[in-house]
Every structure is written in C-alpha cells, then in structure tokens.
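Please look over the structure below.

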Amino acid sequence: MSNDHTSSNQKATSTDEFIKGLWRDNPVFVQVLGMCPVLAVSNTAENALAMGLATAFVLLMSNILVSLLRNFIPKQVRIASYILIIATFVTVTDYAIQAISVELYKSLGAFISLIVVNCLILSRAEAFASKNTVWKSILDALGMGIGFTFALFCLGAVREILGNGSIFNFALFPEGFQNWIVMILPAGGFFTLAAWLLIINVLQTRKVKS
C-alpha cells in the first residue's frame, strides 16, 4: 500500500514539474522572462514559433547536461560553466536554422545568438537542473520550453493576424481589410503583451476565487 502511495506521489510530482511551465509558472505570462526575443521576433507567427522552438531545444539540452555534471562542476565557476554549455547548444541551433532556412535565419537575426543570455535558460540551469535529477530536469525544461513557445506563438499570431491580415503567410481577410501596421512595429509587441498579461491575470484571479 505504501509503495503504491509513493509511486502515485512521484507521478504527481513529475507531472507537476512539466505542467508548471505551461501555465502556473509560464516564463512569459507569469514570470515575465526573456522579454527581448518575446518583443523583438514575435511580429509573425513563423518567427515566434521558430524562436520558441530554438529556445526550448537549448533549454532542454543545457538542462540535461547541467544535471549530469552537477556533481562535477565546482561552485566557484558554475555560472561560467553553465554559460559555456548554453553557448555550445546555441551555436548548434544557429547553424541548424541557417541550414534549414536562410530567410528564417535572416528574420531572426542576432536574436538567435542572444539565446545565450536568455535569463530563462540560465535561471533553470542554476535554480533547477543543478539541484535535480536528469529526468526532473528534462520535464522542467520541456514544460518551460513549451510554455515559452506557446507564449511567443500567442503574441506572434495576434500581431500577424492584425498587422498583416494573415497567419503563416496565409491571407485570412479579403483585400479590403485595413491592416493594423502598428501591430508589426515594436509598439505592437508591447500592446499585445500587455493584452495577454491582462487576460492571463484575469483568468488566474477567477481560478483562485473559485
């Protein structure tokens, strides 16, 4: 009976590690991390999705390696070591995107390289992966990575629909539709982020009250 109870607790904990990044501790809508790429490359759904997936990949791989090496990295150089690990996978991602699509690579520009200093990735390495097992670190990275990608896509989709009248370059409205040009400009990123934060806060407040 006790073994069954322990097993169920472990499953619940594992599930929680994954789900927390999707909603409760969403890196963008709740923790408000990584605002530079969130605002800069979310002008289209394609760019937002690509940046989200690239960040999620780097987060996953760096979490795995940091967790594996957590007992071997001296505390005095842990931050430098984490940055070196993250930079390695960012370089892999940079070359992979360039090989897959030169146009996408040009659209994302320097923000691919700036994944190295994304506070989301470094914070998960320091606060979680360096203190937990590989399996928990994988679940944490997947949850946070998917949550980050989802948030970026939400912003990118809204901005592209209103700013270009399309989604993934597929037209949604007739030719007479007046595009909201401001939505694909930097100001549109702030407006869209503020709107999503308002919606998320309202939903979470209602959930707490219920």
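## Pockets and selected residues

The second largest pocket is lined by Arg 70, Ile 73, Pro 74, Lys 75, Arg 78, Tyr 82, Glu 126, Ser 130 and Lys 131. This is a predicted model: local features need pLDDT of at least 70, side-chain atom pairs count only at pLDDT 80 or more, and totals for chains, interfaces and linings use all residues. Numbering runs from 1 along each chain as its sequence is written, and side-chain values use heavy atoms, without hydrogens and water.

A pocket here is an open set of points on a 1 Å grid over the protein atoms alone, where a 1.4 Å probe fits, with protein on both sides within 12 Å along at least five of seven lines; lining residues have an atom within 4 Å of a point. The lining of the second largest pocket has 5 charged residues (Asp, Glu, Lys and Arg), 3 nonpolar (Ala, Val, Leu, Ile, Met, Phe, Trp, Tyr, Cys and Pro) and 1 polar (the others, Gly among them). Its space is about 150 Å³, where a volume is the space filled by probe spheres set on grid points joined across faces, edges and corners.

The largest pocket has a volume of about 210 Å³. Ala 50, Leu 53, Ala 54, Phe 57, Thr 93, Ala 96, Ile 97, Ile 100, Ser 101 and Leu 104 line the largest pocket. Two elements, α3 (45-68) and α4 (78-100), each give two or more residues to this lining. Helices are DSSP runs (H or I, at least four residues) and strands likewise (E, at least two), numbered from the N terminus. By class, the lining of the largest pocket holds 8 nonpolar residues, 2 polar and no charged.

Most residues other than glycine have a negative phi. Val 32 has a positive phi, and Phe 168 has a positive phi too.

The cut-offs are under 20% relative accessible area for buried, over 50% for exposed and in between for partly exposed (1.4 Å probe, protein chains only).

Is Thr 192 buried or exposed? Thr 192 counts as buried because its relative accessibility is 2%. Thr 192 sits in helix α8 (residues 186-209). Leaving aside neighbours within four places in sequence, Thr 192 is in contact (heavy atoms within 4.5 Å) with Leu 155, Val 158, Arg 159 and Met 183.
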